Amino acid sequence: MRSENKMAVELDVFVGNTTIMDEEVYQFWLDGYTVNEAVRVRMEGGMLEECEASAEVLHSDTMDQFRTFQMCERLLHSPAKLANQLLFQIPPHRQAMLIERYYAFDSAFVREVLGKKLSKGTKKDLDDVSAKTGIKLKSCRRQFDNFKRVFKVVEELKGSLVENIQQHFLLSDKLARDYAAIVFFANNRFETGKRKLQYLSFQDFAFCAGQLINNWTVGAVDNMVEDMDVDLDKEFMQDLKDLKILITDKDLLDQHKSLVCTALRGKTKVLNEIETNFKNLSRGLVNIAAKLMNAKDVRDFFIDLVEKFIEPCRSDKWTAGDIRLFLTHYTNSAHILDTFKHQVVWDRYMGVIKSCILKMYHD
């Protein structure tokens with residue numbers, strides 16, 4: 001009698017038109033998990049029971065999807081190519097999800113590299129950033145490379161920074177604005193790492209970047225110049241030194257103080273502190289303006305705001321409401337000063353200063 005040899009053949013075959021992409025598995029891949037780590041988390045989440053699958057099938061599925069994501073990664077570096085390629089059948093809404101998630105970043109990570117040069121030197125420090133934040137090194141590298149890639153594409157383009165990022169990388173408005181902030185900070189090398197700035201979040205800085213881009217860059221006044229939204233308007237920075245007359249002319253300084261204190265009488269509990277500190281606060285705000293011609297002083301912009309204005313107000317127990325009232329009247333009162341001739345520059349400067357200080361003042 002002939003005995004039949006039964007051979008067990010295992011085949012992993014996925015047949016289909018639309019490329020299978022599980023959002024949870026995609027997130028594991030983005031977060032820098034290995035296949036085994038992702039499988040373990042999926043199993044702990046009850047995936048075996050849910051799908052009535054074996055551990056082998058789950059491993060095979062995870063590995064297959066990781067492979068797909070790796071093959072897609074090249075296309076994600078230039079998102080416009082994703083729509084035109086024929087290798088993967090991915091519906092438009094899935095493409096949008098893949099791109100948005102790929103370019104998303106961890107706020108703890110961006111806070112560590114914000115304002116640093118997007119260079120090999122910074123990339124070498126990512127081991128430390130990974131250890132400090134608990135974000136896997138692979139994910140740190142992806143996020144850093146994304147910042148660098150966006151920076152390189154848009155730094156020389158004319159037009160709106162946010163629009164250029166959206167057009168070339170197909171990101172949502174919110175994410176494009178965040179990237180605009182990252183590009184702007186990297187270009188101007190703002191200091192964000194000092195201890196007294198640690199209380200500020202990335203979103204605090206991103207808001208301030210938006211204010212600076214919209215009001216202090218060349219693009220704020222002329223939307224057809226090179227690098228319009230990346231570089232500060234040098235002519236405007238030069239003009240800022242004219243504001244020094246507000247603190248060097250004793251009569252103007254006294255008049256300004258008198259106008260502000262009169263306007264605030266009965267409206268705030270810190271009027272005595274305002275009267276006592278007015279000249280120091282005014283000198284602080286105007287000296288920041290006068291220093292912005294130098295690249296090094298531009299870098300210290302946020303430290304100066306904290307040291308010269310926010311800390312003194314905080315130690316005198318001002319509320320955010322007191323700050324708002326003071327800065328409003330401080331700005332507007334300058335219009336009543338007869339000999340002060342620099343109203344346009346003053347308003348352009350103080351509008352941003354007021355917005356940034358209010359965002360940065362956590363009372």
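Which residue lies over the face of F236, and at what distance from the ring centre? That one is taken up in the legend on charges over rings.

**Figure 1. The whole protein, a predicted model.** Local features here need pLDDT of at least 70, side-chain atom pairs count only at pLDDT 80 or more, and totals for chains, interfaces and linings use all residues. Numbering runs from 1 along each chain as its sequence is written, and side-chain values use heavy atoms, with hydrogens and water left out. The protein has 21 helices and 0 strands (DSSP runs numbered from the N terminus: H or I of at least four residues for helices, E of at least two for strands). Its C-alpha trace spans about 120 × 45 × 35 Å along the principal axes. Buried residues make up 45% of the 363 residues (buried is under 20% relative accessible area, exposed over 50%, partly exposed in between, with a 1.4 Å probe and protein chains only).

**Figure 2. F147 meets Y179 edge-to-face.** Ring centres sit 5.7 Å apart and the planes are at 70 degrees, so this pair is edge-to-face (rings of Phe, Tyr and Trp, the last by its six-membered ring, pair if their centres lie within 6.5 Å; planes under 30 degrees apart are stacked, over 60 edge-to-face, the rest tilted). F147 belongs to helix α10 (residues 137-154) and Y179 to helix α12 (residues 173-188), so the pair ties together parts 32 residues apart in sequence. F147 counts as buried at 1% relative accessibility, and Y179 is buried at 1% as well. Both rings belong to one aromatic cluster, whose members include Y26, W29, F109 and F202.

**Figure 3. F326 stacks with Y330.** Here the centres are 5.4 Å apart, with 20 degrees between the planes. Both residues lie in helix α20 (residues 320-333), 4 residues apart, about one turn of the helix. F326 and Y330 are both buried.

**Figure 4. Around F109 in helix α7 (residues 107-113).** F109 is buried at 0% relative accessibility. Setting aside neighbours within four places in sequence, its contacts (heavy atoms within 4.5 Å) include L126, V129, F144 and F147.

**Figure 5. Arginines over ring faces.** Back to the opening: R348 lies over the face of F236, 4.1 Å from the ring centre. R314 takes up a place over the face of Y199, at 4.9 Å from the ring centre. For a charge to sit over a ring, NZ of Lys or CZ of Arg must be within 6 Å of the ring centre and within 35 degrees of the ring normal.

**Figure 6. R101 bridges to E23.** The closest N and O atoms are 2.8 Å apart (a salt bridge is a side-chain nitrogen of Lys or Arg within 4 Å of a carboxyl oxygen of Asp or Glu). This pair links distant parts of the chain, with R101 in helix α6 (residues 92-103) and E23 in helix α1 (residues 23-30), 78 residues apart. R101 is partly exposed at 26% relative accessibility, and E23 is partly exposed at 32%.

**Figure 7. D304 and K291 meet in a salt bridge.** The N to O distance is 2.9 Å. D304 sits in helix α19 (residues 301-315) and K291 in helix α17 (residues 271-291), 13 residues apart. D304 is buried at 6% relative accessibility, whereas K291 is partly exposed at 28%. Salt bridges that share partners join K291, D297, D304 and K308 into one network.
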